Amino acid sequence: MRGAGVLAGGALLTHTSGCKRPEASHPKDSAAQDAGPADYTLTIAVTPVELAPNRIVSTTTYNGQFPGPLLRLQEGKRVTIDVYNETDRPEQLHWHGQFVSTSVDGAAEEGTPFLPPHGKRRIAFEPGPSGLRFYHTHVRAGADLSAGQYSGLAGPVYIEPKQNPGRYDREIFLTLKEFEPAFSRGGDMDMDFLSPAATVKELKDRGESSMKASLAKGAPHGFEVGYGSFTINGRMLGSGEPVRVKEGERVLLHVLNASATEIRSLALPGHSFTVIAMDGNPIPKPVTVPGLWLGTAERVSAIVEMNHPGIWILGDLSNDDRQHGMGIVVEYAGRTGKPLWITPKPFRWDYTQFGNAAGPAIAPDQVIEMVFTKDNAAAAGFNRWSINGVAFSEDAMHPMFRLQRGKRYRLRMRNASDDIHPIHLHRHSFELTRVAGQTTSGVIKDVVMAGGYQEIDVDFLADNPGLTLFHCHQQLHMDFGFMALFEYV
Ligand SMILES: [Cu+2]
């Protein structure tokens with residue numbers, strides 16, 4: 001454990017059960033769009049978070065808790081939210097996966113106003129689309145590991161559909177998150193789990209020769225980030241309440257990877273996962289898989305049939321990360337004993353298994369080609385990332401792509417690096433249409449992992465005008481160039 005951010009003892013833990021708080025305790029904001037109290041209040045402040053007994057970290061949170069409060073909103077029903085920033089630095093609160101306007105979306109690059117230090121902003125919007133979304137900070141952290149998504153600023157959102165609310169008896173939300181970040185040279189993340197595994201020779205040659213040239217000049221590998229503690233719902237494995245189940249129950253898990261930088265996996269010995277939605281959007285038909293993989297900001301909703309009584313660890317496939325906390329105990333009623341982990345048979349994560357084998361019914365009006373490149377350690381020891389040769393910078397935020405409203409675009413993403421990039425498009429969803437050479441349709445997402453030296457196509461309709469941010473969701477990558485803006489009116 002690192003010294004600076006750690007407090008001893010459990011007494012300082014602030015535990016907030018709800019997220020509503022009286023309006024009167026804060027000054028009125030002149031820009032408030034609605035009179036009266038807000039539906040929800042979110043307060044950004046530095047607070048202690050107890051990850052395990054006697055393991056308390058100080059980090060920035062929403063309402064003094066991690067994850068931030070689960071917001072259950074209703075599709076299309078206008079909601080007002082007061083956001084207080086009680087920290088010393090400007091903040092942005094991003095409504096990930098929702099079709100909101102640029103004034104609310106929570107990205108300075110799109111023009112959303114910052115939440116000033118010790119200031120307040122009231123926002124209002126109509127939630128949508130339905131399903132599992134989330135909110136998180138959207139500021140540049142750079143070399144500051146207390147800022148951005150390295151902090152505890154993330155919380156789940158569930159948007160109830162207009163029709164058919166509450167189809168399941170029991171829902172469990174699981175937010176995966178690491179704490180105590182530290183810089184390292186080179187990472188140990190599993191990069192060999194995607195299927196199809198086909199790489200593109202041209203991209204591989206390009207990436208490898210660039211890396212070779214950098215190392216030949218004596219450059220070290222660019223910085224990566226590792227973590228001291230790993231949690232599900234803010235508690236290290238064995239420290240939180242177990243998931244208590246009964247034999248025969250069908251439990252709907254809503255899993256959110258709120259990591260700043262890491263790809264996560266999840267398995268439960270003796271059980272399988274029937275995936276029904278990805279990034280909150282129903283897939284064409286349920287598909288049963290032995291385990292889950294999620295890039296940063298990805299969500300999976302899956303039903304687990306509790307048909308294997310015992311005390312189990314629902315945990316990450318990485319032994320090291322699971323042993324440092326990335327897991328939660330699943331406890332069947334009437335069973336006792338030590339939680340058991342059994343490593344599942346190796347499996348690959350194939351997005352196309354969740355979709356239709358045929359391509360999309362509608363052809364795009366235009367194909368936008370993008371090549372992602374890495375300049376090893378080129379930005380003061382950090383890897384610098386470029387899209388079509390341009391590294392995004394706060395000084396030059398010109399839109400890279402001009403679109404036309406109402407047109408359908410295909411993004412052909414070509415990854416000339418060996419890293420996996422969880423690519424995110426703001427304020428829109430996209431449909432996966434080709435994954436590493438495999439045609440597909442019907443899987444609607446807002447983040448997708450682009451595999452090392454692979455190509456992936458996604459289609460989207462330009463139907464939410466204004467500046468739209470496109471970026472890799474890996475905080476180190478987005479902070480060092482891996483962003484671009486679309487614009488249309
Ligand atoms: Cu990336």
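Colleague: What makes the side chains of arginine 264 and aspartate 316 a salt bridge?

Modeller: Keep in mind that the model is predicted. The N to O distance for arginine 264 and aspartate 316 is 2.7 Å. The cut-off is 4 Å between a side-chain nitrogen of Lys or Arg and a carboxyl oxygen of Asp or Glu, so the pair qualifies. Arginine 264 lies in strand β14, and aspartate 316 in the loop between β19 and α3, so the pair ties together parts 52 residues apart in sequence. Both arginine 264 and aspartate 316 are buried.

Colleague: Which residue forms a salt bridge with glutamate 171?

Modeller: Arginine 72, with the closest N and O atoms 2.5 Å apart.

Colleague: Why is glutamate 171 called partly exposed?

Modeller: Its relative accessibility is 25%. Buried means under 20% and exposed means over 50%, so glutamate 171 falls in between.

Colleague: Turn to the metal. How do you know which atoms coordinate the copper ion?

Modeller: By distance. The atoms are ND1 of His421, SG of Cys472 and ND1 of His477, at 1.9 to 2.1 Å. A donor must be an N, O or S atom within 2.8 Å of the metal, so these atoms count. Along the chain, the donors follow the spacing H-x50-C-x4-H.

Colleague: Is cysteine 472 buried or exposed?

Modeller: Buried, with a relative accessible area of 0%. Histidine 477, at 3%, is buried too, because the limit is 20%.

Colleague: What is the strand order of the open sheet of 6 strands?

Modeller: The order is β11-β10-β13-β18-β15-β16, with mixed pairing. β11 and β16 stand at the edges; each has a single partner strand, so one side of each is left without a neighbour in the sheet. Neighbouring strands of this sheet are turned by 25° against each other on average, direction ignored.

Colleague: What makes β15 and β16 a pair?

Modeller: Bridges. At least two are needed, and 5 join β15 to β16, so the strands pair. They run antiparallel. Phenylalanine 273 stands opposite valine 289 in β16.

Colleague: Last one: why is histidine 254 called buried?

Modeller: Its relative accessibility is 2%, and buried means under 20%, so the label holds. Histidine 254 lies in strand β13. Leaving aside neighbours within four places in sequence, its contacts include Leu132, Tyr158, Glu171, Phe173 and Val300.

Colleague: What makes the pair of histidine 254 and serine 301 a polar contact?

Modeller: Their side chains come to 2.8 Å. The distance limit for N or O atoms is 3.5 Å, so the pair falls within it.

Conventions. Residues are numbered from 1 along each chain as its sequence is written. This is a predicted model: local features need pLDDT of at least 70, side-chain atom pairs count only at pLDDT 80 or more; totals for chains, interfaces and linings use all residues. Side-chain values use heavy atoms; hydrogens and water are left out. Donors are N, O and S atoms within 2.8 Å of the metal (3.2 Å for Na, K and Ca); water is not among the atoms, so sites may look incomplete. Buried means under 20% relative accessible area, exposed over 50%, partly exposed in between (1.4 Å probe, protein chains only). Helices (H or I, at least four residues) and strands (E, at least two) are DSSP runs, numbered from the N terminus. Axes are lines fitted to C-alpha atoms, for helices over the stretch in contact, and angles run from 0 to 180 degrees between N-to-C directions. A polar contact is a pair of N or O atoms within 3.5 Å; within protein, one must be able to donate a hydrogen and the other to accept it, and residues adjacent in sequence count only if both atoms are side-chain atoms. Contact means heavy atoms within 4.5 Å.
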